[in-house]
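Please keep the structure open while you read.

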Amino acid sequence: MNTLLWVIYPYLSLVILVGGLLWRYRYDKFGWTTRSSQLYESTILRWGSPLFHFGVLMVLIGHVGGLLIPKAWTEAVGITEHTYHLMAVFIGTVAGFCTLIGMGLLIARRRLTGPVFAATTRNDKAMYVVLAAVIVLGLWSTVRANVTGPGYDYRETISPWFRSLFYLSPDPRLMADVPVGFQIHVVAAFALFAFWPFTRLVHAFSAPVGYLTRPYVVYRSRGDRPGLRPHRPGWEGPPRLPPSRGTRTRSRR
């Protein structure tokens, strides 16, 4: 079971992630989008989207720092374990709650706004369930172990195991004594990785680099300015010009 959960399953999830992204980019470029619903409703979106995205960004930075940077490196630059623990717990807890609140607002908006709910697919609903499970499990494990509990240093077990996957020398024994809450969180996270390429979450891999060099969009004002023709409704038709001098008009009797 340890080999299945901590060796085969992670590699299978990563293969599906990379292969799914390549397949999606090759055969579904027009579907590589968030399918924005801002035109339907923007009041709740104005609050929920920044909370969710900035929270996810902070959570991602914390996970990259905690999982990929060895403990010896932070101690070598003068960051003690106690200092790192306080920073990680405080910033991680705040970022987790921001992400959870933002996602709650987005889900409520999607359910209560008729046009947005009509544009919600079954794939979107399944994506929200898996994403919410990963966030709730991670937040619950952190609070339970490091806020209300005695504390748990995951950089001595989970982090070396995670890095060993990229060394192609995974050590499942490191995950044997990890608390169950963290184990379930890791399993749910790899399930999200496998599901990622087939959802609207693919937009996370689209860097808006072209936005920096894209030309400006020119808009013309409809205000009254010298030299512009007066605006008339379309149903009035084109203006009639008076007959020129020296011409005669005939009428049928």
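1. Start at one proline. Pro179 is partly exposed, with a relative accessible area of 28%. Pro179 sits in the loop between helix 7 (158–166) and helix 8 (180–195). Now look for Ser141. Pro179 and Ser141 are 38 residues apart in sequence, and their C-alpha atoms are 8.6 Å apart in space. Keep in mind that this is a predicted model.

2. Next, the overall fold. What does the secondary structure of the protein come to? The count is eight helices and zero strands. Along the sequence, the pattern reads α-α-α-α-α-α-α-α.

3. Now helix 6 and helix 8. Two packed helices are described by the angle between their axes and the distance between the axes. For helix 6 and helix 8, the angle is about 155° and the axes are 9 Å apart. Angles over 145 degrees count as roughly antiparallel. Helix 6 and helix 8 are therefore roughly antiparallel to each other. Their crossing is left-handed.

4. Which residues meet there? On the helix 6 side, they include Asn123, Met127, Val130, Leu131, Trp140 and Ser141. On the helix 8 side, they include Gly181, Phe182, His185, Leu192 and Phe195.

5. Turn to charged side chains. Side chains of opposite charge can pair when their charged atoms come close. How many salt bridges does a search of the whole structure find? It finds nine. The next points take some of them.

6. Asp124 forms a salt bridge with Arg35, and the closest N and O atoms are 2.9 Å apart. Asp124 lies in helix 6 (residues 122–147), while Arg35 lies in the loop between helix 1 (2–27) and helix 2 (43–68), so the pair ties together parts that are 89 residues apart in sequence. Arg35 is partly exposed, at 37%.

7. Arg24 and Asp28 also meet through their side chains, in a salt bridge of 2.8 Å from N to O. Arg24 has 6% relative accessibility, so it counts as buried, since buried means under 20%. Asp28 is partly exposed, with a relative accessible area of 26%.

8. Arg173 is exposed, with a relative accessible area of 67%. Asp171 counts as partly exposed, at 22% relative accessibility.

9. Some salt bridges join up. Which residues are linked in a network? They are Lys71, Glu81, Asp153, Arg155 and Glu156. Find these five in the structure and trace the links.

10. Last, the protein as a whole. It has 253 residues, and buried residues make up 31% of them. The accessible surface comes to about 18,400 Å². Carbon and sulfur atoms hold 66% of that surface. Now take the contacts with a separation of 6 or more: residues 24 or more positions apart account for 79% of them.

Notes: Residues numbered from 1 in each chain as written. Predicted model: local features only at pLDDT ≥ 70, side-chain atom pairs only at ≥ 80, totals over all residues. Heavy atoms only, no water. Helix = DSSP H or I, 4+ residues; strand = E, 2+ residues; numbered from the N terminus. Buried < 20%, exposed > 50% of the residue type's maximum accessible area, 1.4 Å probe, protein only. Contact = heavy atoms within 4.5 Å. Areas by Shrake-Rupley, 256 points an atom, 1.4 Å probe, with all protein chains shown as cover. Salt bridge = Lys/Arg side-chain N within 4 Å of Asp/Glu carboxyl O. Axes fitted to C-alpha atoms, helices over the stretch in contact; angles between N-to-C directions. Parallel < 35°, antiparallel > 145°, perpendicular 65-115°, else oblique. Left-handed = near helix turned anticlockwise from the far one by under 90°.
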